[in-house]
Amino acid sequence: QAKNSNFKHRPVGLGVMGFQDALYKLGISYESDAAVDFADKSMEYISYYAIKASCLLAKDRGSYASYKGSLWSKGILPIDSIELLRKERGANYLLQDQDKTLDWDALRALIKKHGMRNSNVLAIAPTATIANICGVTQSIEPTYKNLFVKSNLSGEFTIVNPSLVKDLQAEQLWDDPMVHALKLSNGSIQNIDRIPETLRAKYKTAFEVDISYIVRAAAKRAKWLDQSQSLNLYMPVASGKKLDALYKQAWLSGLKT
């Protein structure tokens with residue numbers, strides 16, 4: 001058993017799904033500074049309490065076998081690794097902040113006292129299947145389409161974004177012509193003039209959201225992760241120049257991979 005790496009290190013990867021649904025509930029567009037800020041603060045809370053839970057497990061059951069000598073044992077948490085990267089690259093090559101709102105020094109002291117049960121705690125994994133089962137948007141992704149056809153053994157079903165339907169009903173805009181317009185536009189609402197601009201901004205789909213906001217939100221999230229995140233970047237018309245600029249932005253923003 002001791003030779004088994006999972007037993008030795010006990011890694012887990014707590015993730016997220018339904019991020020876009022949370023933005024809908026808050027009335028926030030994915031393409032906004034508010035969404036970037038929400039990505040930062042929500043992931044900080046998840047990170048803080050996940051790390052604390054692993055520490056409290058270590059208090060009851062002991063640390064993982066290879067804890068001694070780890071970054072955890074040296075008081076280095078995910079948020080601290082940014083400074084290590086900045087020293088390695090140089091300050092001009094890392095545009096990532098270390099802003100925080102919770103008492104991380106208290107958590108660091110708790111880890112020093114009790115250790116950690118798990119060598120790794122957090123990762124943003126793709127959740128396409130389980131998100132579909134749970135009826136939420138996958139992972140931290142923007143909505144792919146507001147209307148699509150779902151196929152299974154029972155047949156084909158037309159699925160419409162339920163949050164969009166609710167908002168259109170509130171505006172008294174959900175009717176047969178609207179359904180027809182959605183089908184003609186392949187699920188996009190950007191060219192449907194009847195829909196208010198505020199809703200068009202809120203319900204931009206993956207290929208309509210400015211990619212820079214997806215990268216910015218991911219960089220904020222990365223501050224709190226001890227592993228990494230599965231991240232898709234959607235570019236409707238790709239080119240070498242655009243891809244070059246995008247990857248440079250991601251790298252400068254501090255994305256781990």
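1. Helices H10 and H11 (residues 240–252) pack at an angle of about 20 degrees with their axes 9 Å apart, and they are therefore roughly parallel to each other, a term for angles under 35 degrees, as against over 145 for roughly antiparallel, 65 to 115 for roughly perpendicular and oblique for the rest. Axes here are lines fitted to C-alpha atoms, for helices over the stretch in contact, with angles running from 0 to 180 degrees between N-to-C directions. The model is a predicted one, in which local features need pLDDT of at least 70 and side-chain atom pairs count only at pLDDT 80 or more, while totals for chains, interfaces and linings use all residues. Residues are numbered from 1 along each chain as its sequence is written, and side-chain values use heavy atoms, with hydrogens and water left out.

2. The crossing of H10 and H11 is right-handed, meaning that the near helix is turned clockwise from the far one by less than a right angle, anticlockwise being left-handed. On the H10 side the contact (heavy atoms within 4.5 Å) is made by Ile211, Ser212, Val215 and Arg216, and on the H11 side by Leu246, Gln249 and Ala250. These residues divide into 4 nonpolar, 2 polar and 1 charged, where Ala, Val, Leu, Ile, Met, Phe, Trp, Tyr, Cys and Pro count as nonpolar, Asp, Glu, Lys and Arg as charged, and the others, Gly among them, as polar.

3. H10 also packs with H3, at an angle of about 20 degrees and with the axes 8 Å apart, which makes H3 roughly parallel to H10. The crossing of H3 and H10 is right-handed. H3 contributes Asp33, Val36, Ala39, Asp40 and Met43 to the contact, and H10 contributes Tyr213, Arg216, Ala217, Lys220 and Arg221; by class, the residues of this contact are 5 nonpolar, no polar and 5 charged.

4. Trp104 is in contact with Glu44, Ser47, Tyr48, Ile51, Leu77 and Trp224, its neighbours within four places in sequence being left aside. Ile79 lies in the loop between H3 and helix H4 (81–89) and has a relative accessible area of 3%, so this residue is buried, the classes being under 20% for buried, over 50% for exposed and partly exposed in between, with a 1.4 Å probe and protein chains only. Not counting residues up to four places away in sequence, Ile79 touches Gln98, Arg108, Lys223 and Trp224.

5. As for the chain as a whole, its secondary structure comes to 11 helices and 2 strands, which are DSSP runs numbered from the N terminus (H or I, at least four residues, for helices; E, at least two, for strands). Of the 257 residues, 39% count as buried, and the C-alpha trace spans about 65 × 45 × 30 Å along its principal axes. Among contacts with a separation of 6 or more, residues 24 or more positions apart account for 72%.
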